[in-house]
Amino acid sequence: MYLKKILRLRHTLSFRLTLWFTGIFAVSSIAAFLAFYVLAASVINRHTDQQLLNEISEYSSLFSLKGIETLKTALVLEAESEGVDKTFFRIVNWDGEELFSSNMSYWCNLDIDRTVLDQLRNGVSHVFETLTIPERPHKMRILYGVITGTDKILQMGESLEGNEHLIKVFRKIFGATMAVLIALGALVGWSMARRAMSGVEKVTQTAMDISKGAFKHRVSVKDSGDEINRLATTFNVMLDRIDILVSGMREMTDSIAHDLRSPITRIRGIAEMTLITGKSMDEYKDMATNTIEECDYLLEMVNTMLDISEAEAGAGKLKIEKSDMSGIVRDACGLFRPAAEEKGLNLISRISDNSFVQGDIQMLQRMMANLLDNALKYTPSGGTVTASVNTYKKWVVISINDTGIGISGDDLPHIFERFYRCDQSRAQAGIGLGLSLAMAIAKAHGGNITARSYTGKGSEFTITLPQMPLSN
Ligand code: ADP
């Protein structure tokens, strides 16, 4: 179980981020340590060399002041006080023959390097060498130098034990510090990666909750304004939008089911009644007529739904051409005038010319017909319906005004929803799709429809469509 969790952890972004962070931190720390180590080692060794040089110049002065015997005594004393396993002195001539030396037993009677003597003979003031004596654990630093004013060479050796010890301690301390630092770096990296990824995990968790059915879950958002926060906010906005769409679709399906049920129930009722009670041919004819009417209603509903979908699918489905809105509104008024007169309504048109739009003429005619039909339908006899067309800035503005029953403030925000019908208009025939279709057509043409209304006083529907430039 735990092993599985750990194995899964390997694939997480947090783990990979931590690995990168720790890796980069470790490599740069080790590089810094190495640079420091090399520098420290060279400083320590240079210090030893300087000490040897100082000593050789001191012994040269001693020789010139007090002579060779005093120098020999001083060298022996110095070697014994420092320890014969730590240092030695040897005086040789140009041929490399030993003239004098401190106790050399520990140094395995080290040979004289002839090449160094040649270098000194050629005028080099002093020569350093670092030697490893196989039987001894530590390296040694050797200095050859000519004793000023003589033909004698002083060879001095110093064990590097102290330096090696110092560097070893230094390496240990750095190694330990490094290990602690890298572990700490990994911890800090892990906690930083976890913090950065916690927002993503919240989004993932919310998505999982939603996939299990908790549709109302949202990611909790802090006001930090970072990328993860923006992702969470966008995710929430997307969920809200999907929620609205899903609720809209659910409502629509409910409405369709509800609206289909009534005519189907009616058709079934008529058929059943005729079967039970009907005897004459006339009764069967009545049944057929009623059935056709109900089927027409159903067909109109389905066709209008398809038209709305087509309009909502966008401009790609429209047959776009230069359309004269003045002409379309004038023709629509002409078509509806007989019906208006029959109902005792006054249909007025105030149409200014040259109102062209780019659009699908049939769709635009359909939109106008729906709005005029509503105005006539919901205005009682004796009322007035006015249709006007004007241009304003870059827009063609069409307005349908009536003195009809009006729409209440509660209903007004919903009248463009599919299947929405206000209570006071239920007496009139209708399927509640006319305004949805008109709005879908206006939107498909880059326009809009707004409505103003007062109950009992009348309504005004205003369509705005982008005007086609005259040069076209
Ligand atoms: P319907 O087929 O019911 O007319 P619509 O989508 O065309 O469907 O209109 C939706 C509802 O808006 C109507 O049922 C009606 O209640 C209201 N409505 C639309 N136009 C008018 C108007 N001119 N006057 C009053 N109410 C209207």
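1. In which hand does α2 pass α5? The crossing of α2 with α5 is right-handed, a term used when the near helix is turned clockwise from the far one by less than a right angle, anticlockwise being left-handed. This is a predicted model, in which local features need pLDDT of at least 70 and side-chain atom pairs count only at pLDDT 80 or more, while totals for chains, interfaces and linings use all residues. Residues are numbered from 1 along each chain as its sequence is written, and side-chain values use heavy atoms, with hydrogens and water left out.

2. Helix α2 (residues 13-66) and helix α5 (residues 161-211) have axes that come within 8 Å and cross at roughly 160°. Axes are lines fitted to C-alpha atoms, for helices over the stretch in contact, and angles run from 0 to 180 degrees between N-to-C directions. Helices (H or I, at least four residues) and strands (E, at least two) are DSSP runs, numbered from the N terminus. The angle makes α2 roughly antiparallel to α5 (over 145 degrees). By class, their contact has 24 nonpolar, 9 polar and 2 charged residues. Nonpolar covers Ala, Val, Leu, Ile, Met, Phe, Trp, Tyr, Cys and Pro; charged covers Asp, Glu, Lys and Arg; the others, Gly among them, are polar.

3. An open sheet of 5 strands has the order β2-β1-β5-β4-β3, with antiparallel pairing. Two strands pair if DSSP finds at least two bridges between them. β2 and β3 (126-132) are the edge strands, each pairing on one side only. On average, neighbouring strands of this sheet are turned by 20° against each other, direction ignored.

4. Within the sheet, β1 (residues 87-92) and β2 (residues 98-101) are joined by 3 bridges; Val92 has Glu98 as its bridge partner in β2. The two strands form a hairpin with 5 residues between them, and Gly96 in the turn has a positive phi of about 90°. Strands β4 (residues 139-146) and β5 (residues 153-159) pair over 7 bridges, and Gly145 is partnered by Leu154 in β5.

5. Helix α3 (residues 68-82) packs on the sheet and touches β1, β2 and β5 (contact means heavy atoms within 4.5 Å). The direction of α3 makes about 155° with that of β1. Helix α4 (residues 114-121) lies across β3, β4 and β5, running at about 165° to β3.

6. In helix α10 (residues 434-444), 9 of the 11 residues are buried (under 20% relative accessible area, 1.4 Å probe, protein chains only). Among them are Leu435, Met439 and Ile441. The buried residues of α10 pack against α7 (281-312), α9 (361-377), β11 (448-454) and β12 (458-466). Gly446, which follows α10, has a positive phi near 80°.

Methods
Angles under 35 degrees count as roughly parallel, over 145 as roughly antiparallel, 65 to 115 as roughly perpendicular and the rest as oblique. Buried means under 20% relative accessible area, exposed over 50%, partly exposed in between (1.4 Å probe, protein chains only).
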